[in-house]
Amino acid sequence: MKRFQYILFDLDGTLWESGPGITKGVQHALHCLGIEEEASNLTSFIGPPLNTEFQRRYGFTPEKSAEAIRIFREYYDDRGVYDNRLYPGVRDMLRKLYEAGIMVAAASSKPQPLIDKLMIYFDIGQYFEFTLGSNPADELKNQSGEDAKTKIVTAALTRLCALPEHTAMVGDRRFDMQGAVANHVTPVGTGYGYGTEEELRKAGAVFVAPDVPKLCSYLLAGQDD
């Protein structure tokens, strides 16, 4: 089978382990709003738009969600964002994909300014054609929904001028797989991230990588599981 010519990567739970900073930030926001929660119970906030998850988990109104996000951002954007690390093997994988001539881009629901910070922090921006994230204002205005990732994948494909049949979308949550399926690109799951293999398979993943080296081998070979 032909090798993928284009690869779109989610970021949190796919290239880097951002969970500690995000869950601590959500915990802080909830505490300020009178809700006590263990950070270990907040991993569902890693991946989806924050406004939709605050409303789903706690029944927040749009106004209360906006307040929670504002408090979260005060903590996370300057401190929590760096409570993060690349998964083992990511830098080597990106280098191999780059050397193989595969065009790589990021398609993430993470706000674009934070993606820019982390690309510099981890020094991996040179391997990407571009990074595409969300607009922070949309999140605060409760304009980010369940279809946010689908729209981001669509925009990334357009910007790459990529053929869907030659493209893989890699991510760790159902939103990533749903965005891939909706855009007719190959959905590839990362079983080492924050979603489960069951979640990823149910959402359409054709392959779920148990670690980064196996993900790299799959993307270079383009073989079915």
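Predicted model: local features only at pLDDT ≥ 70, side-chain atom pairs only at ≥ 80, totals over all residues.
Let's begin with helix packing. Two packed helices are described by the angle between their axes and the distance between the axes. Take helix α4 (residues 90-99) and helix α10 (residues 212-221): their axes sit 9 Å apart, at an angle of about 10°. Anything under 35 degrees counts as roughly parallel, so α4 and α10 are roughly parallel to each other. If you want to see who is touching whom, look at Val90, Met93, Lys96 and Leu97 on the α4 side, which meet Val212, Leu215, Cys216, Leu219 and Leu220 of α10. Sorted by class, this contact has 8 nonpolar residues, 1 charged residue and no polar ones.

Now for the second pair. Helix α7 (residues 148-160) packs against helix α8 (residues 174-182) with the axes 8 Å apart and an angle of about 50°. That angle makes α7 oblique to α8, and their crossing is right-handed. From α7, the contact draws on Lys149, Thr150 and Val153, while α8 brings in Phe175, Asp176, Gln178, Gly179 and Ala182. The class count for α7 with α8 reads 3 nonpolar, 3 polar and 2 charged residues.

On to the inside of the protein. In soluble globular proteins, nonpolar side chains tend to be buried together. Here, the largest nonpolar core has 51 residues, and the members touching the most others are Phe9, Phe54 and Leu219. Helix α3 (residues 62-76) supplies the largest share of that core, with 6 residues. There is also a second, separate core of 15 residues, and Phe130, Leu132, Val153 and Val185 are among them. You have met two of these names already: Leu219 is in the α4–α10 contact, and Val153 is one of the α7 residues facing α8.

Finally, have a look at the backbone. Most residues other than glycine have a negative phi, and most peptide bonds are trans. Which way does Cys161 go, positive or negative? Its phi is positive, near 55°. You'll find Cys161 in the loop between α7 and β6 (167-171), where the residue is exposed, with a relative accessible area of 64%. His184 isn't a glycine either, yet has a positive phi of about 65°. This residue belongs to the loop between α8 and β7 (186-190). His184 is exposed too, at a relative accessible area of 64%.

Note on methods. Residues numbered from 1 in each chain as written. Heavy atoms only, no water. Axes fitted to C-alpha atoms, helices over the stretch in contact; angles between N-to-C directions. Helix = DSSP H or I, 4+ residues; strand = E, 2+ residues; numbered from the N terminus. Parallel < 35°, antiparallel > 145°, perpendicular 65-115°, else oblique. Contact = heavy atoms within 4.5 Å. Nonpolar A, V, L, I, M, F, W, Y, C, P; charged D, E, K, R; others polar. Core = buried A, V, L, I, M, F, W, Y, C linked by side-chain atoms within 4.5 Å. Buried < 20%, exposed > 50% of the residue type's maximum accessible area, 1.4 Å probe, protein only. Left-handed = near helix turned anticlockwise from the far one by under 90°.
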